[in-house]
Protein chains: 2
Amino acid sequence: MSLLVIGTVAFDALETPFGKTDKIVGGAATYAGLAASYFYDKVKIVAVVGDDFPQENIKEFNEHGIDTEGLQIKKGEKSFFWSGKYHNDMNTRDTLVTELNVLADFDPIIPDSYQDCEYLMLGNLTPKVQQTVINRMKNRPKLIVMDTMNFWMDIAMNDLLDTIKMVDVLTINDAEARQLSGEYSLVKAARKILTMGPKYLIIKKGEHGALLFGEDKIFAAPALPLAEVFDPTGAGDTFAGGFIGYMAKVGTVNFNNMKNAIIFGSALASFCVEKFGTERLINLSQEEVASRVQEFVSLSSFQIEG
Amino acid sequence: MSLLVIGTVAFDALETPFGKTDKIVGGAATYAGLAASYFYDKVKIVAVVGDDFPQENIKEFNEHGIDTEGLQIKKGEKSFFWSGKYHNDMNTRDTLVTELNVLADFDPIIPDSYQDCEYLMLGNLTPKVQQTVINRMKNRPKLIVMDTMNFWMDIAMNDLLDTIKMVDVLTINDAEARQLSGEYSLVKAARKILTMGPKYLIIKKGEHGALLFGEDKIFAAPALPLAEVFDPTGAGDTFAGGFIGYMAKVGTVNFNNMKNAIIFGSALASFCVEKFGTERLINLSQEEVASRVQEFVSLSSFQIEG
């Protein structure tokens, strides 16, 4: 039994109103893998990097209990690199540089030792590659969660639709839900998307929290109101990783467990944005996580007497 | 003991993607008064109309137990009229016509029988008029809730700041909280606004729910995800009226009661937007309200085991 995370492991260079970084380690699988590791001890990664990727960061994965046998290291090649600048509202950003490098012809090889995967997190990546991973699993995992973004809707909609058909949970943001469905109302958008394959849909609304649709029910999770969002990079990946990590921990796929998984995922994402890159995600204690989750409980609980 | 609502009682002509209306009855005090009447039976209105205002609508107030002694009817004059057109997203609208009419020189006279007011709802109106009402109360009400909007921040900021100083709860939307405080982060905005006078701040976020700040705590209430918003006019006034009506019903001013008051206000607002104008607010049963409140409970509750 294990939890497999596929996605990018990469370099980012970030600029926010609070400062800027040189190349630091980022990528969807990095954030999602680290997040999942707080709840589940058998996390495995499939990704590709160049030989410019620091050994110490691979060691960091391993120290979090993450199996990196599926992390391909391409000799003489460079890791995927993305550079972006956030606007003052932190909700919009400009891409300054995208260098695909090793990602251009990424073939996601699944080590035999990964075939015990029960929980599969498809981090944001070309839909074709996400699909290849599903097809290469000898047994269909118990839960497949897929993250994606508007970019793939723009340039690879058919591939995206084919891949969506194969997953259990889709996580996208509100603008993406509208784009994918052609519906403005998120309720109508969700109804339509739930006919496209996934049994559950999570709509991420950033500072406004998240909505879970499925089993004819809706759950609205708040986001923690933060005085400062230092760097939003990786928050969505962290959320998704925390979500599936918690699901793997509890082991039963149902709406109620997903509600809690969203709260745990949101709690980890709220740490992620407090510092640049993965800095805040590296050394969290279980007490910090538990106490942050309690903040979500206080934030959203009320008692109406019948 | 009574609950006094001040605000506009007026005509609106509305156009939404679902249709358009002729002149129908609207106004902040209309929506807030009707909403409050579902929770509290001693609601009184102070407002001004012209003699073009239909007697049957005054009768409708009275049938909801609303005291209209303070509703001035100006002979030979016309009621305030606003006409607006909503865009497809329902979040933005254009004002087509604003005719102040009787509102231009509105002097809010408080009948003696209203001096038992313990709960005062200052519906959206010129801050000077809102202030006059506070000054004319012989005893300071136990709870003063003030609603306002960006329009007054643009043209009467000093009056607005003077009035805000005198109230307990301020309700504004997220853009207005940012404008009033000069802070983008809603947490920072709230901290600043809570130094301006009010002990509590409610930030209304439309389809994203509402945030309550006060007593060093934060509560995040969801909005009910709706397939269709037919007409958003009056939703904020309905929310505020339901909020203060519930507070008057429970009678103790504290954060916990305010959390519930926000849920009840949100429930009434979710009815309001289902039809044009006040149509849906006129004939709600207590069972409908209770069942809608239960939808909010299901929507936002989760159980994390310690």
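This briefing covers the fold, surface and pairing of the chains in the structure above. The model is predicted. Chain A holds 11 helices and 14 strands. Its radius of gyration is 18 Å, close to the 19 Å that the globule rule gives for 306 residues, so chain A is as compact as a globular protein of that length. Chain B can be superposed on chain A by a rotation of 180°.

**Dimensions and packing of chain A**
- The C-alpha trace of chain A spans about 65 × 45 × 35 Å along its principal axes.
- Of its 306 residues, 59% count as buried, that is, with under 20% relative accessible area.
- Among contacts between residues at least 6 apart in the sequence of chain A, 64% join residues at least 24 apart.

**Surface and charge of chain A**
- The accessible surface of chain A is about 12,200 Å², and carbon and sulfur atoms account for 48% of that surface.
- Chain A carries 29 positive and 40 negative side chains.
- The centres of these two sets of charges lie 5 Å apart.

- In chain B, the C-alpha nearest the axis belongs to His208(B), at 3.0 Å from it.
- Of the interface residues of chain B, 100% are also interface residues in chain A, so the copies meet through the same surface.

Key. Residues numbered from 1 in each chain as written. Chains lettered and ligands numbered in written order. Predicted model: local features only at pLDDT ≥ 70, side-chain atom pairs only at ≥ 80, totals over all residues. Heavy atoms only, no water. Helix = DSSP H or I, 4+ residues; strand = E, 2+ residues; numbered from the N terminus. Rg over C-alpha atoms; globule rule 2.2 N^0.38 Å. Buried < 20%, exposed > 50% of the residue type's maximum accessible area, 1.4 Å probe, protein only. Contact = heavy atoms within 4.5 Å. Areas by Shrake-Rupley, 256 points an atom, 1.4 Å probe, with all protein chains shown as cover. Lys, Arg positive; Asp, Glu negative; His and termini not counted. Charge placed at Lys NZ, Arg CZ, Asp CG, Glu CD. Least-squares fit on C-alpha atoms with pLDDT ≥ 70 in both.
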